Amino acid sequence: MIQVDHMEGKVVIGILALQGAFAEHQNALQKISPPRKVCSLLVRTPDDLANCHALVIPGGESTTIALLARLAGLLDPLREFAKTKPIWGTCAGAILLAQSVQNAKKGGQELLGGMSVTVARNGWGSQVESFEAPLLIEGLQDSQIPFIGVFIRAPVIQALHSSSNHPPIQVIARLPVGKVPKSEAHVSLDGDDVDPRRIVAIRQGNHLLTTFHPELTKDGRFHEYFVRTCVLPLLPP
């Protein structure tokens, strides 16, 4: 294992830096002020990953990220990492963290697993159908102030799967009532308030999943939330 001297004594948050918005996540992490010193590390090799207390998987193209991870010898180390350490997946990262994926590309989609959900790729359509939505999120600092979710070719959560072998799923954020993808209108549900397609952020154990891009805003509250609630409780004081 490579020891990174300047990170000694700090909380090291890795960012999978193979493709996608990893630089934006790094910038966001550098601006937060959690109770302990945090530094970020761009992860491109298994040795990089071994130095991390937690990991962020950015938005991008999920099949490309998975392919590059396999070529870098990272897929199996990432799967092992997910068993014991916190991971936050945003957009494409959310797909990789899922238990299963609908409408995967031809040839399938390699997954890391770690979260008991089924997602659908590009649930809102093409990039021209990107949108923003105000989200009220309990647990964030100043939670009465909406967090603006940025949705770009975002995946859609199709189902949450309960299991006695996994921690319970906590819904962190939902879209406003009535906001669901038209392309999935065939889904039969009891009511809009329980529609899983409105769920855009969940926590399961120490893993976090967001179908939107917190790193594309100037609001660092989601990054602070991940460190404070998912990462720090696992570390010695």
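Which residues are linked in a network of salt bridges? The network joins Arg 70, Asp 76, Arg 79 and Glu 110, where a salt bridge is a side-chain nitrogen of Lys or Arg within 4 Å of a carboxyl oxygen of Asp or Glu. The structure is a predicted model, in which local features need pLDDT of at least 70 and side-chain atom pairs count only at pLDDT 80 or more, while totals for chains, interfaces and linings use all residues. Residues are numbered from 1 along each chain as its sequence is written, and side-chain values use heavy atoms, with hydrogens and water left out.

Side chains of opposite charge can pair when their charged atoms come close. Searching the whole structure gives 8 salt bridges. In one of them, the side chains of Glu 110 and Arg 79 meet at 4.0 Å, N to O. This pair ties together distant parts of the chain, 31 residues apart: Glu 110 belongs to the loop between strand S5 (98-102) and strand S6 (115-120), and Arg 79 to helix H4. Helices (H or I, at least four residues) and strands (E, at least two) are DSSP runs, numbered from the N terminus. Glu 110 is partly exposed at 29% relative accessible area, and Arg 79 is partly exposed at 24%; here buried means under 20% relative accessible area, exposed over 50% and partly exposed in between (1.4 Å probe, protein chains only).

Another salt bridge pairs Asp 219 with Arg 221, at 2.8 Å from N to O. Asp 219 is partly exposed, at 23% relative accessibility, whereas Arg 221 is buried, at 9%. In helix H6 (residues 221-231), Arg 228 and Glu 224 are 4 residues apart, and so about one helical turn separates them. Their side chains form a salt bridge whose closest N and O atoms are 2.7 Å apart.

Turning to annotated positions, an unreviewed UniProt entry places the feature "binding site" at Gly 60, Glu 61, Ser 62, Arg 121, Ile 152 and Arg 153. UniProt positions are given in the numbering used here, feature names are shortened, and annotations may be inferred rather than shown by experiment. The annotated residues are spread over 94 residues of sequence, yet they cluster in space, with a largest C-alpha distance of 13.3 Å. From this set, Gly 60, Glu 61, Ser 62, Arg 121, Ile 152 and Arg 153 are part of the lining of the largest pocket. On a 1 Å grid over the protein atoms alone, a pocket is an open set of points where a 1.4 Å probe fits, with protein on both sides within 12 Å along at least five of seven lines; lining residues have an atom within 4 Å of a point.

Within the annotated set, Glu 61 sits in the loop between S3 and H3 and is buried, at 12% relative accessibility. Arg 153 is found in the loop between S8 and strand S9 (156-160) and is partly exposed, at 37%. Although Arg 153 is not a glycine, its phi is positive, at about 45 degrees. Leaving aside residues up to four places away in sequence, Arg 153 touches Cys 91, Asn 122, Gly 125, Ser 126, Gln 127 and Ser 130. Cys 91 is itself buried, at 4% relative accessibility.

A positive phi also occurs at Asp 142, where the value is near 50 degrees. Asp 142 is placed in the loop between strand S7 (131-135) and strand S8 (147-151) and is partly exposed, with a relative accessible area of 46%.

Finally, the search for disulfides (pairs of cysteine sulfur atoms within 2.5 Å) across the whole structure finds 0. For Cys 52, the nearest cysteine sulfur is that of Cys 39, 8.8 Å away. Cys 52 is buried, with 1% relative accessible area.

Notes:
Contact means heavy atoms within 4.5 Å.
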